[in-house]
Amino acid sequence: MANLKDIRDRIKSVKAIQQVTSAMKMVAAAKLRRAQERMEQARPYSKRLQGVIENLLPDVDRGMLDLLEMREVKRVGYLVVTSDRGLAGSFNTSVIKKTELEIAEIGKGNSDIFCIGKKGRDYFKKRNYTIIEDHVEFWNELDFNHAVKFGNSIISHFLTGKVDEIRVVYNWFKNVGVQEISLEQLLPLSFSDEIKQYGNRIFEPSKEKIVQSLIPRHLNTQVWKYLLESYASEQAARMVAMENATENAGDMIKSLQLEFNKARQSAITTEMLEIVGGAEALVT
Amino acid sequence: MSTFQFEIVTPTRTLDKGQVNYVRCPGMDGSFGVMANHLEGIIALSIGEIKVTIDGKEEYLATSGGYTEITDEKMQLLVESVEDSDEIDTDRAKRSLDRAQVRKEKHSLEIDGARVELSLDRALNRLRVARR
């Protein structure tokens with residue numbers, strides 16, 4: 001039978017852990033609400049912009065813009081979106097696993113990584129992957145300018161021919177309970193083969209100018225979307241993980257309490273037996 | 001009068017105007033009007049005023065530029081920002097106008113001249129639309 005004091009100490013420490021996890025859950029829930037709002041406001045715009053581009057591309061000659069150039073894929077750049085902090089269930093590990101699987105296919109030597117978030121950077125750095133850039137510790141003041149900054153450096157990496165394709169691995173926010181790992185090709189822009197036929201369409205000021213200004217804007221919006229989705233997913237994953245942890249701590253406290261009561265009871269019983277035994281010995 | 005579907009989408013919100021009669025937008029080379037059965041196309045927009053006629057009633061909005069796509073089904077505006085004439089914060093617009101004017105006069109090397117012009121344009125446009 002375990003020592004009474006040991007059990008009491010353990011209950012105390014589990015209770016302390018429970019307090020921490022439930023506080024973290026609350027913080028994550030508050031952050032999630034804001035992140036979700038922001039993401040949902042941004043979604044229609046990026047979707048529509050994508051729609052416009054998809055409608056536009058069949059009309060466009062790929063030679064018109066370097067960003068549209070299709071090259072033989074020898075080297076691939078990966079934009080990997082993770083978080084700075086852990087304790088969010090499988091949020092980071094699943095992105096990392098997916099990226100590793102992808103990279104294994106094309107070869108470690110043929111891949112460049114752009115790491116967003118500390119967790120991904122630490123992991124890939126330790127394993128000697130080629131990290132071109134990393135961006136960490138910005139999540140708390142996340143705004144559109146970050147997307148522009150990251151977007152520009154990725155775009156220039158593609159334009160200078162260092163990689164022939166850019167792929168993005170991130171957590172797509174389906175709902176609070178479900179975040180899906182998503183792999184998307186960012187560059188060169190691809191579009192579905194079914195070409196909608198358009199009659200006479202007008203482009204003002206000109207088709208070239210529209211393509212030239214629309215596509216960089218589209219890419220920045222895409223990067224912004226990845227950041228927002230991942231941030232909301234992170235908070236949701238952490239909230240769920242911390243809720244589970246709080247619940248588990250509750251279960252643990254319950255069973256420890258039971259064990260404690262049993263131990264206490266048996267200690268009392270032993271003591272009583274001793275007293276009764278002692279008293280009887282005196283009588284006889 | 002025939003109508004068409006009109007929507008305004010920005011990175012922070014979506015305004016569905018429903019069926020409208022007429023839309024006037026600020027194009028790069030001057031304003032243009034759109035009515036039902038317009039030719040399809042994609043047109044870049046500059047800073048300026050958008051006028052929408054819904055059921056004979058006129059609405060005015062200020063935008064800071066973007067694109068519009070016109071298809072057979074609908075017309076949609078993809079703009080960076082849009083403000084209804086009665087939700088414009090005129091005090092804020094005035095402040096940014098003053099700031100832009102001061103900067104323009106200073107004309108220092110650190111300040112990007114084109115950016116100052118743009119913010120001046122935006123502030124003037126907001127004030128103009130707010131007076132509607």
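The model is a predicted one.

I'll start with chain B. Read from the N terminus, its order of elements is β-β-β-β-β-β-β-β-β-β-α-α. That is 10 strands and two helices. The C-alpha trace of chain B spans about 50 × 25 × 25 Å along its principal axes. Chain B has 132 residues, and 29% of them count as buried. On contact order: take the contacts in chain B between residues at least 6 apart in sequence, and 51% of those join residues at least 24 apart.

Now chain A, and a helix pair. Two packed helices are described by the angle between their axes and the distance between the axes. Helix α1 of chain A covers residues 4-56, and helix α5 of chain A covers residues 207-283. Their axes come within 5 Å and cross at roughly 160°. Angles over 145 degrees count as roughly antiparallel, so α1(A) is roughly antiparallel to α5(A). The crossing of α1(A) with α5(A) is left-handed. Sorted by class, the residues in this contact are 34 nonpolar, 13 polar and 12 charged.

Last, helix α3 of chain A, residues 118-126. Which of its residues are buried? They are A:Lys119, A:Gly120, A:Arg121 and A:Phe124. And what covers the buried residues of α3(A)? The cover includes the strands β1 (76-81), β2 (111-116) and β3 (131-135), along with helix α2 (91-106), of chain A. After α3(A) comes A:Asn128, with a positive phi near 60°.

Methods. Residues numbered from 1 in each chain as written. Chains lettered and ligands numbered in written order. Predicted model: local features only at pLDDT ≥ 70, side-chain atom pairs only at ≥ 80, totals over all residues. Helix = DSSP H or I, 4+ residues; strand = E, 2+ residues; numbered from the N terminus. Buried ≥ 20, exposed ≤ 12 C-beta atoms within 10 Å, placed from the backbone. Contact = placed C-beta atoms within 7 Å. Axes fitted to C-alpha atoms, helices over the stretch in contact; angles between N-to-C directions. Parallel < 35°, antiparallel > 145°, perpendicular 65-115°, else oblique. Left-handed = near helix turned anticlockwise from the far one by under 90°. Nonpolar A, V, L, I, M, F, W, Y, C, P; charged D, E, K, R; others polar.
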